[in-house]
Amino acid sequence: MNSKLEVKNIDSMVKKSHLVKRYAGFVFCVFLLAVTYNLFILPNALVFGGVSGLAILFKNVMDPSVFILLFNIRLLALCYLVLGKEATIGSIFGILLYPLFIKLTANIGDIIILKNTDVLLNVLFAAFITGFASGNIIKSGFSTRGSDIPAQIISKVFKRPLGSSYWFFDGVV
């Protein structure tokens with residue numbers, strides 16, 4: 001009887017440990033995305049698609065972190081209406097954390113001074129780091145991108161593959 005209880009306790013501790021690692025990795029990767037956004041993407045006005053790309057287009061009108069937050073809140077409401085509660089819950093944490101980290105790292109360029117003015121090199125660094133961080137976020141079952149929601153809606157409504165839906169939405173931006 002005690003051995004079954006001990007196995008359940010060990011199993012519970014392993015699951016909690018895995019959950020803590022997932023969230024810690026997620027938070028680190030969201031932070032990495034925000035730093036990349038403020039070091040490479042925003043200063044070079046690299047409009048790469050999605051809500052973050054739209055924020056660059058409107059950066060003279062509104063702070064990018066505020067734009068991303070407000071736009072994503074609208075997308076969350078749309079997600080709830082079209083995709084349901086479960087899809088919405090899976091997006092909330094990342095969609096709120098990403099603009100917060102963008103705001104907190106807005107002056108990172110004053111601390112980490114990049115003397116490189118080669119836009120192509122900046123694009124390559126931004127693409128590599130963004131791909132690494134985004135891949136790990138998706139692999140751990142989270143999302144930070146507001147453009148995930150329209151892509152999922154396009155995929156569901158028009159019965160298109162999710163990858164094609166991402167390309168379509170990001171391409172429109």
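I started with Phe71, which is partly exposed at 27% relative accessible area (buried is under 20%, exposed over 50%, partly exposed in between, with a 1.4 Å probe and protein chains only). This is a predicted model, where local features need pLDDT of at least 70, side-chain atom pairs count only at pLDDT 80 or more, and totals for chains, interfaces and linings use all residues. Residues are numbered from 1 along each chain as its sequence is written, and side-chain values use heavy atoms, with hydrogens and water left out.

Next I looked up aromatic pairs and got 7. My rule: rings of Phe, Tyr and Trp (its six-membered ring) pair with centres within 6.5 Å; planes under 30 degrees apart are stacked, over 60 edge-to-face, the rest tilted.

Tyr23 and Phe93 came out tilted, at 5.7 Å centre to centre and 55 degrees between the planes. Tyr23 sits in helix α1 (residues 2-41) and Phe93 in helix α4 (residues 85-104), so this pair ties together parts 70 residues apart in sequence. Helices here are DSSP runs (H or I, at least four residues), numbered from the N terminus. Tyr23 is partly exposed at 36%, and Phe93 is partly exposed with 36% too. I also noted that Tyr23, Phe26 and Phe93 form one aromatic cluster.

Back to Phe71: with Phe67 it makes a stacked pair, 5.6 Å centre to centre and 25 degrees between the planes. Both lie in helix α3 (residues 64-82), 4 residues apart, about one turn of the helix. Phe67 is buried at 12%.

Last I checked Asn122, in helix α6 (residues 119-139). Asn122 is buried, at 4%. Leaving aside neighbours within four places in sequence, Asn122 contacts Phe40, Asn44, Asn116 and Thr117 (heavy atoms within 4.5 Å).

Notes:
Helices (H or I, at least four residues) and strands (E, at least two) are DSSP runs, numbered from the N terminus.
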